[in-house]
Amino acid sequence: MMAHGGETPEFLDFASCVFDRTGRWDMAWELALRVEGNSQGTALGTRASILRANILAKRGRLDEALSLLDTIEWGVNDDALLTRILQSKASALRRLGRTTEALDSCMRAGRLAHEMGDSDLRAQCQMEAGSIMVALGDCENGLGELVKARATFEESEKILDIIRCDINTGVGLKCCGRLEEAEDTLSGAAEAAMEAGLNRVRAHALANLSDLLNMRGNYRQSADMAGIAAETFSCLGEPLMEVAALLNLCIGLAGSGERGKAESTMRDAIAILKERDLLESRHEWLEECAKMLKGMGDKGLAMRLRKAGRDGRKCPLNR
């Protein structure tokens with residue numbers, strides 16, 4: 001993108017948000033930095049900082065994202081900006097497994113959004129809170145929050161948020177053992193995302209759907225969907241979701257009898273985790289994958305996966 005004399009910070013802010021939503025994070029990051037440089041101490045500059053923190057989180061650099069958000073929070077006196085900071089912190093904390101802290105941050109954000117009368121922002125907080133509650137084992141209340149969030153998004157005709165909410169609901173239903181409902185919900189979300197041209201969101205739906213299909217023994221279908229998701233996340237530079245999709249692909253391939261490809265895929269996933277220093281924080285992913293492989297009768301592959309996880313946890317380079 002070429003710079004022009006007429007580019008204002010407001011235009012650059014708008015463009016960075018567009019690039020962020022379409023997965024062009026290098027360009028979004030560059031423009032956000034320019035906005036920060038020209039708008040220090042303003043709401044515009046703070047929004048650009050939040051966007052950069054969200055990009056760090058999507059790229060698996062969660063500790064850096066939290067550090068940046070903590071720095072921003074100290075200088076913010078605007079409730080709307082503080083709400084977005086707390087919402088972003090909640091998402092990063094949840095992905096780090098710090099679910100109790102994540103829920104606290106999310107509930108604070110929701111209260112602020114309610115006090116401001118911003119229904120869409122409150123619904124986004126409800127959507128995040130619902131996912132955190134499910135992760136904490138409170139399925140009934142978590143799914144209830146997701147239902148309330150979706151109703152608000154429908155009123156506002158927020159297509160992207162509706163699909164995101166459906167994906168989170170599908171994951172929640174899966175965690176609650178309601179597998180048929182979960183499959184229908186995730187399949188619908190994947191189809192809606194494809195019709196809307198939202199490739200990244202579709203990849204999220206497919207990654208979660210492939211996990212569910214593995215649980216139900218539909219390995220060939222799972223492998224096809226996981227492969228599409230992994231390729232999309234690889235192109236976007238989103239390593240955490242790429243690894244999740246690759247591990248689902250590993251199980252799908254193993255279940256389909258393609259053991260050599262399964263082991264190669266497993267090595268690719270572990271290599272990404274090692275490169276990003278994420279073996280320790282994502283040890284539970286490897287353990288879940290190993291359990292499923294063992295249950296399928298592939299004890300050798302399961303043992304190698306468990307060993308990689310144990311070695312990662314002992315590695316002195318891990319934080």
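Q: Is Val-134 buried or exposed?
A: Val-134 is buried, because its relative accessible area is 9%. Buried means under 20% relative accessible area, exposed means over 50%, and partly exposed is in between (1.4 Å probe, protein chains only).

Q: What kind of model is this?
A: This is a predicted model, where local features need pLDDT of at least 70, side-chain atom pairs count only at pLDDT 80 or more, and totals for chains, interfaces and linings use all residues. Residues are numbered from 1 along each chain as its sequence is written, and side-chain values use heavy atoms, with hydrogens and water left out.

Q: Back to Val-134. Which helix is it in?
A: Val-134 lies in helix H7, residues 119-135. Helices are DSSP runs (H or I, at least four residues), as strands are (E, at least two), numbered from the N terminus.

Q: And what does Val-134 touch?
A: Not counting residues up to four places away in sequence, Val-134 touches Cys-139, Gly-142, Leu-143, Gly-172 and Cys-175. Contact means heavy atoms within 4.5 Å.

Q: How many Å apart are Val-134 and Val-76?
A: They are 31 Å apart in space, C-alpha to C-alpha, and 58 residues apart in sequence.

Q: New topic. How many residues are in the largest nonpolar core?
A: The largest nonpolar core has 54 residues. Phe-153, Ile-167, Ala-229, Phe-233, Leu-293 and Leu-305 have the most contacts inside it. Such a core is a set of buried Ala, Val, Leu, Ile, Met, Phe, Trp, Tyr and Cys residues joined through side-chain atoms within 4.5 Å.

Q: Which helix gives the largest share of this core?
A: Helix H13, residues 239-255, with 10 residues.

Q: What about a second core?
A: A separate one has 28 residues, including Leu-56, Leu-69, Leu-86 and Ala-102.

Q: Which residues does Ala-229 touch?
A: Ala-203, Leu-206, Ala-207 and Ala-245, again not counting residues up to four places away in sequence.

Q: Ala-230, then: buried or exposed?
A: Ala-230 counts as buried, at 6% relative accessibility. Ala-230 is found in helix H12, residues 219-236. Leaving aside neighbours within four places in sequence, Ala-230 is in contact with Glu-242, Ala-245 and Leu-246.

Q: Switching to helix pairs. At what angle do H9 and H10 cross?
A: Roughly 160°, and the axes of H9 (residues 159-175) and H10 (residues 179-196) come within 8 Å. Axes are lines fitted to C-alpha atoms, for helices over the stretch in contact, and angles run from 0 to 180 degrees between N-to-C directions.

Q: Parallel or antiparallel?
A: H9 and H10 are therefore roughly antiparallel to each other. Angles over 145 degrees count as roughly antiparallel, under 35 as roughly parallel, 65 to 115 as roughly perpendicular, and the rest as oblique.

Q: How do the contact residues of H9 with H10 divide?
A: Into 10 nonpolar, 3 polar and 3 charged. Ala, Val, Leu, Ile, Met, Phe, Trp, Tyr, Cys and Pro count as nonpolar, Asp, Glu, Lys and Arg as charged, and the others, Gly among them, as polar.

Q: What about Lys-174, buried or exposed?
A: Lys-174 is buried, with a relative accessible area of 12%. Lys-174 lies in H9. Beyond its neighbours within four places in sequence, Lys-174 is in contact with Leu-179, Ala-182, Asp-211, Leu-212 and Met-215.

Q: Last pair. How do H1 and H2 cross?
A: H1 (residues 9-21) and H2 (residues 25-38) cross at roughly 155°, with axes that come within 8 Å. H1 and H2 are therefore roughly antiparallel to each other.
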